[in-house]
There are 2 protein chains.
Amino acid sequence: MRLALALVHYPVLDRSGETVTTAITNLDLHDMARSARTYGAEQLFVVHPVAAQRALAERIREHWVVGSGKRRIPDRAVALDVLTVVASLEEAYGAMSSAGREGVEIWTTAAASRGLPVTSYAASRARLAQTSRPVLILFGTGWGLAPELIADADVRIEPIRAAASTGYNHLSVRAACAITLDRLLGEQSAG
Amino acid sequence: MRLALALVHYPVLDRSGETVTTAITNLDLHDMARSARTYGAEQLFVVHPVAAQRALAERIREHWVVGSGKRRIPDRAVALDVLTVVASLEEAYGAMSSAGREGVEIWTTAAASRGLPVTSYAASRARLAQTSRPVLILFGTGWGLAPELIADADVRIEPIRAAASTGYNHLSVRAACAITLDRLLGEQSAG
């Protein structure tokens, strides 16, 4: 298995359904890097089209991986070392496979699959263990990934839901990423 | 089932193992409230002994539940409505049961159980569905709950782990809370 995550800041939706670019959130990088490293994902691509925002993400990475943050919390250096800052998803595909998009399996975890077929977590877990291509799971900031990214995916994993009906389903991207990794790669309790 | 969560800022450990009081982190309140509401926990107690820090947590709650935040993102009001700010765990126990501590099952999710017996997630899930007492799950900020809280718990859930050995296990409290709720109350995929 080769697995990477992408935190997508463009193209994503805002709350009115328009396609926008969102700003970098410091705790997204920390939490998703720590979850990635805990479950064995090799990279966390931070995808942002704006150079100044990429520079911010690089500064956060440097502070923790080689700067004074590393001396204060060495564990955090191990996690943030998985960050790779890129301008576009195409750049992430190219970093994962010399064949680019065709060489990578793109997965999404869309709450809204817009009528397209979805794959259960159990089937996704089995597929991840068997596939020969590297897998890249996309996570959208803002109000979620733009429809063209969901349509282009090779696997759209079913929405995360509670067993009971609670009338609410609005997890943060940090929580959704953690749960997705645990469902795909977590230890399964024998009871 | 009656379930509540507690985000504990004292007594918790710092990285050298000393007992300290940590500061409120805004995104802890948002992420854990959203996860609580998604999985059906009734309350998220924010436990802080310092009045000024409790006032900060109350201001965050007010902004989102009745203030301008509610007009901008109505979904967030539904989540942050689960926040209850208290000075001590004893105050949380009293809010859950007229019998106080004895009327409540206290659970922890300790990475370090310090040699005390632990309960698997599967067994914890079954117990949560059956117990007649309300359950309060404690989450520690900083470097985790102080040993006396772990020793006092009725259930210490086994550590969250990946199925494979990754050599790293340092999830954020936001991620650990999300995964714990999903393992206890998430939909179980049929494959």
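The model is predicted: local features require pLDDT of at least 70, side-chain atom pairs count only at pLDDT 80 or more, and totals for chains, interfaces and linings use all residues. Residues are numbered from 1 along each chain as its sequence is written, chains are lettered from A and ligands numbered from 1 in the order in which they are written, and side-chain values use heavy atoms, with hydrogens and water left out. Helices (H or I, at least four residues) and strands (E, at least two) are DSSP runs, numbered from the N terminus.

**Relation of the two chains**

- Helix α1 (residues 26–39) of chain A packs against helix α8 (residues 173–185) of chain B at about 55°, with the axes 10 Å apart; axes are lines fitted to C-alpha atoms, for helices over the stretch in contact, and angles between N-to-C directions run from 0 to 180 degrees.
- That angle makes α1(A) oblique to α8(B), where under 35 degrees counts as roughly parallel, over 145 as roughly antiparallel, 65 to 115 as roughly perpendicular and the rest as oblique.
- In this packing, A:Leu27, A:Asp31, A:Ser35 and A:Tyr39 of α1(A) meet B:Arg174, B:Ala175, B:Ile179 and B:Arg183 of α8(B).

**The sheet of chain B**

- An open sheet of 6 strands has the order β5-β4-β1-β7-β6-β8 in chain B, with parallel pairing; two strands pair if DSSP finds at least two bridges between them.
- The edges are held by β5 and β8 (155–156) of chain B, each with a single partner strand, so one side of each is left without a neighbour in the sheet.
- β1(B) and β4(B) run parallel and are joined by 5 bridges; B:Leu5 has B:Leu44 as its bridge partner in β4(B).
- Helix α1 (residues 26–39) of chain B packs on the sheet, where it touches β1, β4, β5 and β7 of chain B, and its direction makes about 165° with that of β1(B).
- β6(B) is joined to β7(B) by 4 bridges in a parallel arrangement, and B:Thr108 has B:Leu138 as its bridge partner in β7(B).
- The parallel pairing of β6(B) with β8(B) extends over 2 bridges, and B:Trp107 has B:Val155 as its bridge partner in β8(B).
- β6(B) is covered on both faces, with B:Glu105 and B:Trp107 buried on one side and B:Ile106 and B:Thr108 buried on the other; buried means under 20% relative accessible area, exposed over 50%, and partly exposed in between (1.4 Å probe, protein chains only).

**Helices on the sheet of chain B**

- Helix α5 (residues 89–96) of chain B has as its buried residues B:Leu89, B:Ala92, B:Tyr93 and B:Met96.
- These residues lie on the same side of α5(B) because they cover an arc of only 100° around the axis, the arc being that of the directions from the helix axis to the C-beta atoms.
- The buried residues of α5(B) pack against β1 (3–8), β4 (43–47), β5 (83–86), β6 (105–108), β7 (135–140) and α7 (147–152) of chain B.
- Helix α6 (residues 121–130) of chain B lies across β1, β6, β7 and β8 of chain B, running at about 155° to β6(B).

**The sheet of chain A**

- In chain A, 6 strands form an open sheet in the order β5-β4-β1-β7-β6-β8, and the pairing is parallel.
- Strand β6 (residues 105–108) and strand β7 (residues 135–140) of chain A run parallel, joined by 4 bridges; A:Ile106 has A:Leu136 as its bridge partner in β7(A).
- Helix α5 (residues 89–96) of chain A lies across β1, β4, β5, β6 and β7 of chain A, at about 160° to β7(A).

**Individual residues**

- A:Thr180, in helix α8 (residues 173–185) of chain A, is buried at a relative accessible area of 0%.
- Apart from neighbours within four places in sequence, A:Thr180 contacts A:Thr109, A:Tyr121, A:Ile137, A:Phe139, A:Ile157 and A:Ile160.
- B:Val20, in strand β3 (residues 19–20) of chain B, counts as partly exposed at 24% relative accessibility.
- B:Glu62, in helix α2 (residues 51–65) of chain B, is partly exposed with a relative accessible area of 39%.

Technical notes. Contact means heavy atoms within 4.5 Å.
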